[in-house]
Amino acid sequence: MSAALKLDTAEPRRSVALEVRGVSHAFDLGGKQLPVLDNIDLSVAPGEFVALLGPSGCGKSTLLRLIAGLEPPASGDLLEDGVPITTPDPSRILVFQDPTLFPWRTVWKNVAIGLEARGLLPAQKQRVADALALVRLGEFANAYPHQLSGGMAQRAALARALVNDPHLLLLDEPLGKLDSLTRLAMQNELLSLWQKVGFTALLVTHDVEEALLLADRVIVLSDRPARIIAEFRVDKPQPRRRDDPDLVHLRQTVLATLGPIHD
Amino acid sequence: MSDAVQGDAARGATRALAPLSTGWGAIWRDGLIAAAAWFVAAVVTVASPDVVPWGSTQLWAELLAGGAAILLVAAFAVQRLGKVGRVLAHYGPWLVALGVVFAVWEVATAKTGWLPKPFFSPPQGLLHVYLVDTKRLVYCVLFSLRLWAYGFGSGIVAGFLIGVALGWSKRFAYWGMPILKLIGPVPATAWIPISFFVLPTTFAASIFLVALASGIPVAILTASGVASVNRAFYDVARTLGARERFLVWKVAVPGSLPHVFVGLFMGLYYSFAVLVVAEMLGAKYGLGWYLAFQTGYSAYANVYATLVIMALLCSGLVKLLFVTRDRLLAWQKGII
């Protein structure tokens, strides 16, 4: 890791507060309104790691898309440090379940795309190498995405997000498609990146254990249209152990909250 | 439209050479047989007189003998020739077949007259055309190439830009797509009468026709390519701070290139077809004109000679497009 990112990580305030106020949203399916979000209220403190847990298809991903600014909500307000979110911005970056690396770009060029799009690349080339080093992909800079394993591709996607120095990282089941061993490794990876870089993180997952291992707070959503039905604070210092009796107990409670709708 | 031949060359060569290195050193057996076949063809050519004189018979025999000599040398030196040797070895059976074809062709036309003049020509007939009519043929090749370059070049640039606009802008697609769907299936040759009438010169009309023929498939496939780029790529780019210009040129265009190249190949084939027809009808030079002109004089040897040139020219251009595609779409290796 080199100067640019080191400097950034040393800085204490690189994260933002997120405020979601009374957000509802619906999809238009051939003239029929399909409600997906129902009056969501959510506050995330700067530097906090919050997990959104809910049955698949409940609207978690939609909430992230709204926060990313890719779509405006049907009603309600989204605020980043008190400022309304209207458009996508590189300070808030969404990492998808699929790595969605651009197949025609090398890993280096994929990671560089955010800087390139904003015309910062000539001055900040070093950041690309730093981000690649951060996710231990330095040696694969010139590889094409199809040459990477699933875990490596997802790490590259993380590097592509982190190179922009995001203050808020929106993670849409980023580990959902990885095999279980890679998944465990990537959970630790994600955690150490969060601790090192210090962004605010909002993780969508349907894996209760993953939520309890990583997050400061776990928010449970109902089936569609999604409402917040429960909130759990995980008061355990990192690193956490999967077999920690408190976490095992908490896991039972969370699963009970999700109830039979959890699939 | 696969072009795997070159890639297989190395593997084929090792197979062709393998059994020989066991016997009396590394001798290329197919090369020896090919040399023999070419030598026989040379002997057949000079052994008896032509039924009707064709000219250049002696020179053709010398060329065949020269080829046979080169093949004979290559048969013993093939392992020292490196890459050239491997390619030669790969095409060994083809070289044998060529020698046989030359011999049979010679007998069937010049020596027996089974395939009579003027409708058929022996190989020396073609050779004679190249020697006698060199200047005019070179002119015609250059004329055709110039017309093709103007027409194909402008056609694919326009087709590509229109395709990007159609695939990107909903409003442009609303107006443009029905027109393209209506006009697209009309063969470009159907526009010949009107374009010769409307446009000031036949050269301009020919350029327009070639451009139309090559531009339409490029436009259609570029549009479908741009429209079929994974939506998630746009979302990713937008969250990373990309504006519309960037989304078009750095996401939509590279993402649609595989489609664009399908359109380019289609356009390339159409452009040849229209080029020749346009030249036959309205040009004063060019290979299409030469074909029509020589057919009028029943000079079929000239026609065959021109067809050979066209085959080499067109397949050369196709090859060039393959090379370009493989360079630009190298990232696809392992995906498709």
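Trainee: Let's start with chain B. How many helices and strands does it have?

Mentor: Chain B has 14 helices and 0 strands. Keep in mind that this is a predicted model.

Trainee: How do the elements of chain B run from the N terminus on?

Mentor: They go α-α-α-α-α-α-α-α-α-α-α-α-α-α. The radius of gyration of chain B is 26 Å, while the globule rule gives 20 Å for 336 residues, so chain B is more spread out than a compact globule.

Trainee: What box do the C-alpha atoms of chain B fill?

Mentor: Roughly 75 × 60 × 30 Å, taken along the principal axes. As for burial, 38% of the 336 residues in chain B are buried. Of the contacts in chain B with a separation of 6 or more, 75% come from residues 24 or more positions apart.

Trainee: I'd like to look at single helices. What is the end-to-end distance in helix 12 of chain B?

Mentor: Helix 12 of chain B covers residues 244-282, and its end C-alpha atoms are only 45 Å apart. A straight helix of 39 residues would reach 57 Å at 1.5 Å a residue.

Trainee: Where does helix 12 of chain B bend?

Mentor: At B:Leu257, by about 55°. A proline, B:Pro258, follows within four residues.

Trainee: And helix 8 of chain B, where is its kink?

Mentor: The kink in helix 8 of chain B lies at B:Gly176 and is about 35°, shortly before the proline B:Pro178. The end C-alpha atoms of this helix, residues 170-183, are 20 Å apart, which agrees with the 20 Å that its 14 residues should span at 1.5 Å a residue.

Trainee: How many of the 14 residues of helix 8 of chain B are buried?

Mentor: The number is 0, so helix 8 of chain B lies largely in the open.

Trainee: Switching to chain A: what does its secondary structure come to?

Mentor: Chain A has 8 helices and 10 strands. Its radius of gyration is 18 Å, close to the 18 Å from the globule rule for 263 residues, so chain A is as compact as a globular protein of that length. The C-alpha trace of chain A spans about 50 × 45 × 35 Å along its principal axes, and 46% of the 263 residues count as buried.

Trainee: What order do the strands take in the open sheet of 4 strands in chain A?

Mentor: The order is 2-1-4-5, with antiparallel pairing. Strand 2 (32-44) and strand 5 (83-84) of chain A are the edge strands, and each pairs on one side only. Strand 4 of chain A, residues 75-80, pairs with strand 5 of chain A over 2 bridges in the antiparallel sense. There, A:Leu79 stands opposite A:Pro84.

Trainee: What about strand 6 of chain A, which way do its residues point?

Mentor: A:Arg92 and A:Leu94 point one way, A:Ile93 and A:Val95 the other way, and all are buried. Strand 6 of chain A runs parallel to strand 7 (residues 168-172) of chain A, with 4 bridges joining them. A:Leu94 stands opposite A:Leu170 in strand 7 of chain A.

Trainee: Last topic, the contact between the chains. How many residues does it take from each chain?

Mentor: It takes 20 residues from chain A and 15 residues from chain B. On the chain A side, strand 6 and helix 3 (107-117) each supply at least two residues. Helix 3 of chain A gives the largest share, 3 residues.

Trainee: How do the residues on that side of chain A divide?

Mentor: Into 13 nonpolar, 5 polar and 2 charged.

Definitions and conventions. Residues are numbered from 1 along each chain as its sequence is written. Chains are lettered from A and ligands numbered from 1 in the order in which they are written. This is a predicted model: local features need pLDDT of at least 70, side-chain atom pairs count only at pLDDT 80 or more; totals for chains, interfaces and linings use all residues. Two strands pair if DSSP finds at least two bridges between them. The expected span of a helix is 1.5 Å times one less than its number of residues. The bend at a residue is the angle between axes fitted to the seven residues ending there and the seven starting there. A residue is buried if 20 or more other C-beta atoms lie within 10 Å of its own, exposed if 12 or fewer, and partly exposed in between; C-beta atoms are placed from the backbone. Two residues are in contact if their C-beta atoms, placed from the backbone, lie within 7 Å. Ala, Val, Leu, Ile, Met, Phe, Trp, Tyr, Cys and Pro count as nonpolar, Asp, Glu, Lys and Arg as charged, and the others, Gly among them, as polar. The radius of gyration is taken over C-alpha atoms; the globule rule is 2.2 Å times the number of residues to the power 0.38.
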